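I opened this notebook to record what I looked up in one structure. The entries follow the order in which I consulted the model.

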Amino acid sequence: MDPRLWQKVAAISGMAAVGLGAYGAHGFKPKNLAYKDVWQTASLYHLVHTAALLGAPLAKHPTVFGGLLTTGILAFSGSCYTVALLEDRKYSRLAPVGGVAFIAAWASLLF
């Protein structure tokens with residue numbers, strides 16, 4: 001797999017992160033304001049790990065690092081966005097999987 005593919009994945013993820021962050025800051029009006037914090041957490045982790053994706057081509061195992069980061073973004077941030085949007089914590093089941101994927105991605109840089 002071409003390691004530069006991660007630049008394209010980061011571009012798509014970055015566009016989504018900025019758009020979702022802007023929506024969360026300006027358009028998202030939950031009934032329960034606690035869900036605004038959930039959205040903000042999703043947005044922060046999404047953007048930070050998207051920036052990290054740009055380093056995937058430099059990793060010894062770019063597919064492992066990039067794949068785990070992407071999994072983390074989709075599972076953690078995706079489930080947090082869903083929880084916030086629907087104002088229902090039952091959709092949070094994938095968040096721990098995403099968190100473990102983030103940790104594993106960073107750990108993969110050790111090998």
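**Entry 1. Conventions**

I noted that this is a predicted model, in which local features need pLDDT of at least 70 and side-chain atom pairs count only at pLDDT 80 or more, while totals for chains, interfaces and linings use all residues. Residues are numbered from 1 along each chain as its sequence is written, and side-chain values use heavy atoms, with hydrogens and water left out.

I took helices to be DSSP runs of H or I with at least four residues, and strands to be runs of E with at least two, numbered from the N terminus.

**Entry 2. H1 and H3**

I looked up how helix H1 (residues 5-26) packs on helix H3 (residues 62-86), and found an angle of about 20° with the axes 12 Å apart. Axes are lines fitted to C-alpha atoms, for helices over the stretch in contact, and angles run from 0 to 180 degrees between N-to-C directions. H1 and H3 are therefore roughly parallel to each other. For this wording, angles under 35 degrees count as roughly parallel, over 145 as roughly antiparallel, 65 to 115 as roughly perpendicular and the rest as oblique.

I recorded that H1 passes H3 in a left-handed crossing. A crossing is left-handed if the near helix is turned anticlockwise from the far one by less than a right angle, and right-handed if clockwise.

Which residues of H1 and H3 meet? I listed Trp6, Val9, Ser13, Leu20 and Tyr23 on the H1 side, and Pro62, Thr63, Gly66, Gly67, Thr70, Ile73, Tyr81 and Leu85 on the H3 side. The residues of this contact of H1 with H3 divide into 8 nonpolar, 5 polar and no charged. Contact means heavy atoms within 4.5 Å. Ala, Val, Leu, Ile, Met, Phe, Trp, Tyr, Cys and Pro count as nonpolar, Asp, Glu, Lys and Arg as charged, and the others, Gly among them, as polar.

**Entry 3. H2 and H3**

I then turned to helix H2 (residues 34-53), whose axis comes within 8 Å of that of H3 and crosses it at roughly 165°. H2 and H3 are therefore roughly antiparallel to each other. I noted a left-handed crossing where H2 passes H3.

The residues that meet include Tyr35, Trp39, His46 and Thr50 in H2, and Phe65, Leu69, Ile73 and Cys80 in H3. I recorded that the contact of H2 with H3 comprises 16 nonpolar, 8 polar and no charged residues.

**Entry 4. H1 and H2**

I found H1 and H2 packed at an angle of about 160°, with their axes 9 Å apart. These two helices, H1 and H2, are therefore roughly antiparallel to each other. The crossing of H1 past H2 is left-handed. I counted the residues of the contact of H1 with H2 as 12 nonpolar, 7 polar and 1 charged.

Is Thr50 buried or exposed? Thr50 is found in H2, and at 4% relative accessibility it counts as buried. Buried means under 20% relative accessible area, exposed over 50%, and partly exposed in between (1.4 Å probe, protein chains only). Not counting residues up to four places away in sequence, Thr50 touches Ala10, Ser13, Gly14 and Ile73.

I placed Ser108 in helix H4 (residues 95-108). Ser108 is buried, with a relative accessible area of 14%. With residues up to four places away in sequence left out, Ser108 touches Val64 and Phe65. A polar atom of the Ser108 side chain lies 2.6 Å from the backbone oxygen of Ala105.

**Entry 5. Outside the helices**

I located Pro3 in the segment before H1. At 32% relative accessibility, Pro3 counts as partly exposed. Leaving aside its neighbours within four places in sequence, Pro3 is in contact with Pro57 and Pro62.

Glu87 is found in the loop between H3 and H4. I noted that Glu87 has a positive phi of about 50° although it is not a glycine. Glu87 is partly exposed, with a relative accessible area of 26%.

Phe111 lies in the segment after H4, and it is exposed, with a relative accessible area of 65%. I found the C-alpha atoms of Phe111 and Lys60 separated by 7.5 Å, while these residues are 51 residues apart along the chain. Not counting residues up to four places away in sequence, Phe111 touches Lys60 and His61.

How values were computed. A polar contact is a pair of N or O atoms within 3.5 Å; within protein, one must be able to donate a hydrogen and the other to accept it, and residues adjacent in sequence count only if both atoms are side-chain atoms.
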